[in-house]
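Let's take a friendly walk through a protein model. Have a look at the picture first, and then read on.

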Amino acid sequence: MNKMNKMDEMNKTMIQNQIIAAVNAVRNSNPLAGSITNVITIHFVANAQLAVGGSAAMVFLPEEGAFLANAGNAFYINVGGLLPIHEETLPQTAKTLHDAGKPWVLDPVAIGIGSVRTKALLQFKEYKPSIIRGNASEIIALAGLWGLGGENKSNVRGVDSTDAVIAAKEAAVSLAKWTGGAVAVSGETDLVTNGSIIAFSHGGSHFMEKITGSGCSLGGVAAVYAAESDSFTAALTATAVYNLAGKRAEQKADGPGRFQVHFLDELYNATAEDIATNPFEIETV
Ligand SMILES: Nc1ncnc2c1ncn2[C@@H]1O[C@H](COP(=O)(O)OP(=O)(O)OP(=O)(O)O)[C@@H](O)[C@H]1O
Ligand SMILES: Cc1ncsc1CCO
Ligand SMILES: [Mg+2]
């Protein structure tokens, strides 16, 4: 990784203060982040949102998506396990969020599978999600679908990434420039950008690839922080607390089962200062 210059060091200190403010604001205000998310990991998403201090509510119906979009402080949309009703619920909720100016997070899980998912993901381009969170293959594929991808081709194959995080750097920057928000690419080292600076966040655990929903719940937690901070700070705070909690949980677990339990406890117990000092570097685009 490049050595950071003086400007990057100053940016880093400012960002760390914003992370501390975001963590504390969420714990003080218990913001409501509604979700439309897949049934495979829905319980883990809600538990992770509660563990960091948020309030969770999962809905499926179009009128309920629109209601929660207006009533909540932020929202999470994950296209992982689509049902027929989603064809109506997804665009209606995203339009409501856009029109109401509410922060919202998109996880384009399994982009490339089926026409319903592709149509929904295309519609989201104009509704500009505040944070796009995905693994490297999903981020490259979304930039391609939105015509922002350049030459880069995704090897997307389902829900697990087959591309390295760094291969998604240009796609992430282009997507962030389009939305005016932030993009978080997950993997062994995570990349978070707002289109002008990039943070590389370290930590986590190999066990996170052995439980389903670590990425989905990271998106749900990013929505909780987005209720209380700007998109880049929210995306980086969520990423940092995941990397910290993952590293700590791995030390206590000898397999993915108990890892998941310890992980929730570590999300709950992490202090704002610990989250802000979890290792990351800054690079200016
Ligand atoms: N090999 C690894 N080492 C350390 N941390 C990892 C590793 N792989 C993933 N992570 C962490 O796991 C979390 C989820 O990232 P991942 O890339 O697995 O998401 P995902 O593929 O969308 O997951 P899912 O779709 O199963 O919810 C992130 O916090 C990331 O930092
Ligand atoms: C396993 C799985 N299948 C569809 S969504 C999902 C959760 C992880 O993305
Ligand atoms: Mg995923």
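Predicted model: local features only at pLDDT ≥ 70, side-chain atom pairs only at ≥ 80, totals over all residues.

Residues are numbered from 1 along each chain as its sequence is written, and chains are lettered from A and ligands numbered from 1 in the order in which they are written. Helices (DSSP runs of H or I, at least four residues) and strands (runs of E, at least two) are numbered from the N terminus.

**The ligand sites**

- A residue counts as near a ligand if its C-beta atom, placed from the backbone, lies within 6 Å of it.
- Ligand 1 is surrounded by 23 residues, and the closest are Ser-186, Gly-204, Met-208, Gly-215 and Tyr-242.
- The elements giving two or more residues to this shell are α8 and α9, with the largest share, four residues, coming from α8.
- By class, the shell around ligand 1 has six nonpolar, 13 polar and four charged residues (nonpolar: Ala, Val, Leu, Ile, Met, Phe, Trp, Tyr, Cys and Pro; charged: Asp, Glu, Lys and Arg; polar: the others, Gly among them).
- Around ligand 2 you will find, among others, Asn-38, Ile-40, Thr-41, Val-109, Thr-212 and Cys-216.
- The shell of ligand 2 has five nonpolar, seven polar and no charged residues.

**Helices that pack together**

- Two packed helices are described by the angle between their axes and the distance between the axes.
- Here axes are lines fitted to C-alpha atoms, for helices over the stretch in contact, and angles run from 0 to 180 degrees between N-to-C directions.
- The axes of α3 (residues 62-71) and α4 (residues 86-100) come within 8 Å and cross at roughly 20°.
- That makes α3 roughly parallel to α4 (under 35 degrees is roughly parallel, over 145 roughly antiparallel, 65 to 115 roughly perpendicular and the rest oblique).
- Where α3 and α4 meet, the contact has five nonpolar, six polar and one charged residues.
- The axes of α8 (residues 214-226) and α9 (residues 231-252) also come within 8 Å, but cross at roughly 135°.
- That angle makes α8 oblique to α9.
- Leu-218, Val-221, Ala-222, Tyr-225 and Ala-226 in α8 meet residues of α9 including Ala-234, Ala-238 and Tyr-242 (in contact means C-beta atoms, placed from the backbone, within 7 Å).
- This contact of α8 with α9 has nine nonpolar, three polar and no charged residues.

**An enclosed helix**

- Eight of the eleven residues of α7 (residues 169-179) are buried, so this helix is largely enclosed by the rest of the structure (buried: 20 or more other C-beta atoms within 10 Å of the residue's own; exposed: 12 or fewer; partly exposed: in between; C-beta atoms are placed from the backbone).
- Among the buried residues of α7 are Lys-169, Val-173, Leu-175 and Thr-179.
- Their cover includes β5 (131-135), α6 (136-145), β6 (182-186) and β7.
- Just after α7, Gly-180 takes a positive phi of about 75°.

**A residue in strand β7**

- Val-192 lies in β7 (residues 190-193).
- Is Val-192 buried or exposed? With 31 C-beta neighbours inside 10 Å, Val-192 counts as buried.
- Leaving out residues up to four places away in sequence, Val-192 touches Ala-182, Ala-184, Phe-232 and Leu-236, among others.
- The C-alpha atoms of Val-192 and Gly-34 are separated by 23 Å, and the two residues are 158 residues apart along the chain.

Key: Contact = placed C-beta atoms within 7 Å.
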